Amino acid sequence: MELDLGDPTPNADRTLLAPASLASCELCPRRCRADRTAGATGVCGAGSTLRLARAALHLWEEPPISGETGSGTIFFSGCPLKCIYCQNHEISTGNFGIDVPEQRLAEIMLELQDQGALNINLVTATHFAHLLPDALRAARARGLHIPIVYNTSGYERTEAVRELNGIVDIWLTDFKYADASLGRELSHVPDYPEQASRALARMAAQVAARGGVVYNEDGIMQQGIIVRHLVLPGHADDSCRVLDLIWNAAGDMPISVMNQYTPNERMRTDGGAMARAVTDEEYEMVLDHADDLGFSTVFWQEGGAVSESFTPAFDTTGVLRAADGPILPRA
Ligand code: SF4
């Protein structure tokens, strides 16, 4: 596949991310064209109102993201992908969260910075990306100075990546499957490898145009990219092909190869390979392949890392102002 790197320079001309685009939403590669301004929702479950599930410090991202004090994670409700093994299924498919005014997003960023966050980590913001330019502008004007991390499934339109240039400092992007049929089976998405490859190539080109990956004196990433891959039980061969695609699209960028897959209730009920953890042999096979390809920065997890501790409690922490008092989340 030939990858179009596009123009990697920051561009303030944003049409896809303009609020008006919500009337016929094409923010993600599903391109539902749902009229979200008229009450319709697309596959992602998002309507016209910003909906958030949690905003808090998180210590379990890669070391250059979480450091010792934490990444300021903001979990957006809903998701364009529908991964049947998702650990965050209450929010990705169940759309758990609280509707908040758009202005609240900038406030939350500032509150997380005040709590000591090393960065603002937007977790699955794809379907709310149209809100980011204004939110960032408002937050920066009020003193936000830490980097913006865009934490994504990797299923992004290249147009969105282009328009996020100048907003996003660090791409923390998944690359889930090399085989499109696996994407169809496990995430109900028709064209994952093609879309993820194109998007990743654009992200990597932007990073290169800005001078590459930059860390501060404490080893905390200030700009750059980390490409994540979660090894799935029974699919180590596909994982190796994913690494080939990452190398082809982005070259020697930092990667994070994870073995924290934990079968959810549905996977345990369905049985088969996805009902178990990744074996040491499967994980080592993928890590060896990363070494063979020549990746110079590979984050990996200690054996036995399968734990629900990587999944924070989705209890709407930090979503509302303290002065707002309790509001029951709508399921
Ligand atoms: S963001 Fe949601 S509504 Fe928009 S195209 Fe994607 S799935 Fe459809």
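**View 1. Leucine 200 and its contacts.** Setting aside neighbours within four places in sequence, leucine 200 is in contact with Gly154, Thr173, Phe175, Val227, Ile246, Ala249 and Ala250. Two residues are in contact here if their C-beta atoms, placed from the backbone, lie within 7 Å. This is a predicted model, so local features need pLDDT of at least 70 and side-chain atom pairs count only at pLDDT 80 or more, while totals for chains, interfaces and linings use all residues. Numbering runs from 1 along each chain as its sequence is written.

**View 2. The largest nonpolar core.** This core has 90 residues, and those with the most contacts inside it are Leu52, Leu200, Ala204 and Ile246. Helix α7 (residues 192-209) gives the most to this core, nine residues. A nonpolar core is a set of buried Ala, Val, Leu, Ile, Met, Phe, Trp, Tyr and Cys residues joined through C-beta atoms within 7 Å. Buried means 20 or more other C-beta atoms within 10 Å of a residue's own, exposed means 12 or fewer, and partly exposed is in between, with C-beta atoms placed from the backbone.

**View 3. The whole chain, for orientation.** Ten helices and ten strands make up the count for the chain; helices (H or I, at least four residues) and strands (E, at least two) are DSSP runs, numbered from the N terminus. The C-alpha trace spans about 50 × 45 × 40 Å along its principal axes. Buried residues account for 47% of the 331 residues. Of the contacts between residues at least 6 apart in sequence, 73% join residues at least 24 apart.

**View 4. The shell around the ligand.** Which residues are closest to the ligand? They are Cys25, Cys28, Cys32, Gly42 and Cys44, out of 14 residues that surround it. The shell divides into nine nonpolar, two polar and three charged residues.

**View 5. Serine 239 in helix α8.** Serine 239 sits in helix α8 (residues 236-250). Is serine 239 buried or exposed? Serine 239 is buried, because 25 other C-beta atoms lie within 10 Å. Not counting residues up to four places away in sequence, serine 239 touches His229, Val231 and Val286. Threonine 37 is 202 residues from serine 239 in sequence and 39 Å from it in space, C-alpha to C-alpha.

**View 6. Arginine 33 and asparagine 95, both with positive phi**. Most residues other than glycine have a negative phi. Arginine 33, not a glycine, has a positive phi of about 65°. Arginine 33 is in the segment before β1 (50-58) and is exposed, with 12 other C-beta atoms within 10 Å. Asparagine 95, also not a glycine, has a positive phi of about 60°. The loop between α2 (89-92) and β3 (98-100) holds asparagine 95, which is partly exposed, with 19 other C-beta atoms within 10 Å.

**View 7. Aspartate 315 and isoleucine 98.** Aspartate 315 lies in the segment after β10 (298-300). With 12 C-beta neighbours inside 10 Å, aspartate 315 counts as exposed. Isoleucine 98 is 217 residues from aspartate 315 in sequence, yet the two are 9.9 Å apart in space, C-alpha to C-alpha.

How values were computed: Near = placed C-beta within 6 Å. Nonpolar A, V, L, I, M, F, W, Y, C, P; charged D, E, K, R; others polar.
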